[in-house]
Amino acid sequence: MPHLTIDYSPNLEAAVDMPALCDHIRRAAIGTGVFPMAGIRVRAFAATHVSIADGDAKHGYIDISVRLRKGRTTAAKQAATRAVFRAASDFLAPVMAQRSIALSMEMRDIDPELSPKSGTIRDHL
């Protein structure tokens, strides 16, 4: 698994193809070789309420959070972080050239002893 969650300001709905961004990030995560394909989940949620910078409604944000099980080296996580962030940056570059958007990302480990898992996706791939 990693779970990749995109939290974004709702004023970006018309400017960013969020389903395409999710798919682009999914493909980038697979391409890192750090994450097992069957475990990757990418989802995006618009925040209901936001207030950004000076309060001007023109500002937007996209924050990518990656949660994954422990066990990868710091170097592998750094490389994966760079690859996913670069993919998001490249995808969003045309929109970011036209409007005010803050893009951020964080990767963090999940304690496997506190995060039970069960699923059948691998059985169906």
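Ser-9 is found in the loop between E1 and H1, where helices (H or I, at least four residues) and strands (E, at least two) are DSSP runs numbered from the N terminus. Ser-9 is buried, with a relative accessible area of 0%; buried means under 20% relative accessible area, exposed over 50% and partly exposed in between, for a 1.4 Å probe and protein chains only. The model is predicted, so local features need pLDDT of at least 70 and side-chain atom pairs count only at pLDDT 80 or more, while totals for chains, interfaces and linings use all residues. Residues are numbered from 1 along each chain as its sequence is written, and side-chain values use heavy atoms, with hydrogens and water left out.

- The side chain of Ser-9 reaches the backbone nitrogen of Tyr-61 at 3.0 Å.
- Beyond residues up to four places away in sequence, Ser-9 touches Val-50, Ile-52, His-59, Gly-60 and Tyr-61, a contact being heavy atoms within 4.5 Å.
- Glu-13 lies in the loop between E1 and H1 and is partly exposed, with a relative accessible area of 44%.
- The side chain of Glu-13 makes a polar contact with the side chain of Tyr-8 at 2.3 Å (a pair of N or O atoms within 3.5 Å; within protein, one must be able to donate a hydrogen and the other to accept it, and residues adjacent in sequence count only if both atoms are side-chain atoms).
- Leaving aside neighbours within four places in sequence, Glu-13 is in contact with Tyr-8 and Ala-46.
- The C-alpha atoms of Glu-13 and Asp-109 are separated by 30 Å, and these residues are 96 apart along the chain.

**Nonpolar core**

- The largest nonpolar core has 26 residues, of which Ile-6, Leu-21, Ile-25, Phe-35, Ile-62 and Ile-64 touch the most other members; such a core is a set of buried Ala, Val, Leu, Ile, Met, Phe, Trp, Tyr and Cys residues joined through side-chain atoms within 4.5 Å.
- Two or more residues of this core come from each of strand E1 (2–8), helix H1 (18–31), strand E3 (60–69), helix H2 (74–96) and strand E4 (101–110).
- Not counting residues up to four places away in sequence, Ile-62 touches residues including Ile-6, Leu-21, Leu-92, Ile-101 and Leu-103.

**Overall organisation**

- The protein contains 3 helices and 4 strands, in the order β-α-β-β-α-β-α along the sequence.
- Of its 125 residues, 36% count as buried.
- Among contacts between residues at least 6 apart in sequence, 83% join residues at least 24 apart.
- The C-alpha atoms fill a box of roughly 45 × 30 × 25 Å, taken along the principal axes.
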